[in-house]
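Visitor: I would like to learn how to read a few features from a set of coordinates. Could we take them one at a time?

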Amino acid sequence: MLYNIRYMAVFISHSPEETHAWAEAFAKTLSAGDVVLLEGEMGAGKTVLAQGIARGLGVTEDVLSPTYAYVNSYGPLFHFDCYRIGSERQAEELGFADYFEAGKVCLVEWSENIRGLLPEHCKTIFIRKIGEREREIVT
């Protein structure tokens, strides 16, 4: 009998700086073409994670939430914010599926809004606010 068991790792961050450091280290595990879903409520720290991952991938420019642009490009990285995407059809019309095949790391916030367009194998990071500065990060 075969079992598909996925082990979860939990990290407790006590500051945005610790979250950045964790995310930089996580970035070293990524390869071109990886899609990472950043899951968490509004204000949990998804963009802080994205900033750390970007730094870990060698991005030197400021990484901002792409809420109004939907997607920002930073060298080896695409950063999506699908919060305002109303449907998978809208995302498809915006060409989102093409980004996933462009050979860059893709970070996707609010991925539930484009679930049907996502590639089959995605990595997921869950972030949860547990205090004013503390966050629980689960992979």
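Visitor: Which cysteine sulfur is closest to the sulfur of C82, and how far away is it?

Guide: Some ground rules come before that. This is a predicted model, in which local features need pLDDT of at least 70 and side-chain atom pairs count only at pLDDT 80 or more, while totals for chains, interfaces and linings use all residues. Residues are numbered from 1 along each chain as its sequence is written, and side-chain values use heavy atoms, with hydrogens and water left out. Now the cysteines: a disulfide is a pair of cysteine sulfur atoms within 2.5 Å. For C82 the closest cysteine sulfur is that of C106, 10 Å away, which is too far for a bond.

Visitor: What is the closest cysteine sulfur to that of C106?

Guide: The one in C122, at 9.1 Å, again too far for a bond. The structure holds 0 disulfides.

Visitor: Are C82 and C106 buried or exposed?

Guide: Buried means under 20% relative accessible area, exposed over 50%, and partly exposed in between, using a 1.4 Å probe and protein chains only. C82 has a relative accessible area of 0%, so it is buried. C106 is also at 0% and counts as buried.

Visitor: How many aromatic pairs does the structure hold?

Guide: Rings of Phe, Tyr and Trp (its six-membered ring) pair if their centres lie within 6.5 Å; planes under 30 degrees apart count as stacked, over 60 as edge-to-face and the rest as tilted. There are 9 aromatic pairs here. One of them joins F78 and Y99 edge-to-face, at 4.7 Å centre to centre with 85° between the planes. F78 is in strand β4 (residues 77–81) and Y99 in helix α4 (residues 96–99), so this pair links distant parts of the chain, 21 residues apart. Helices (H or I, at least four residues) and strands (E, at least two) are DSSP runs, numbered from the N terminus.

Visitor: Which residues do ring pairs link into a cluster?

Guide: The cluster consists of Y70, F78, F80, F96, Y99 and F100.
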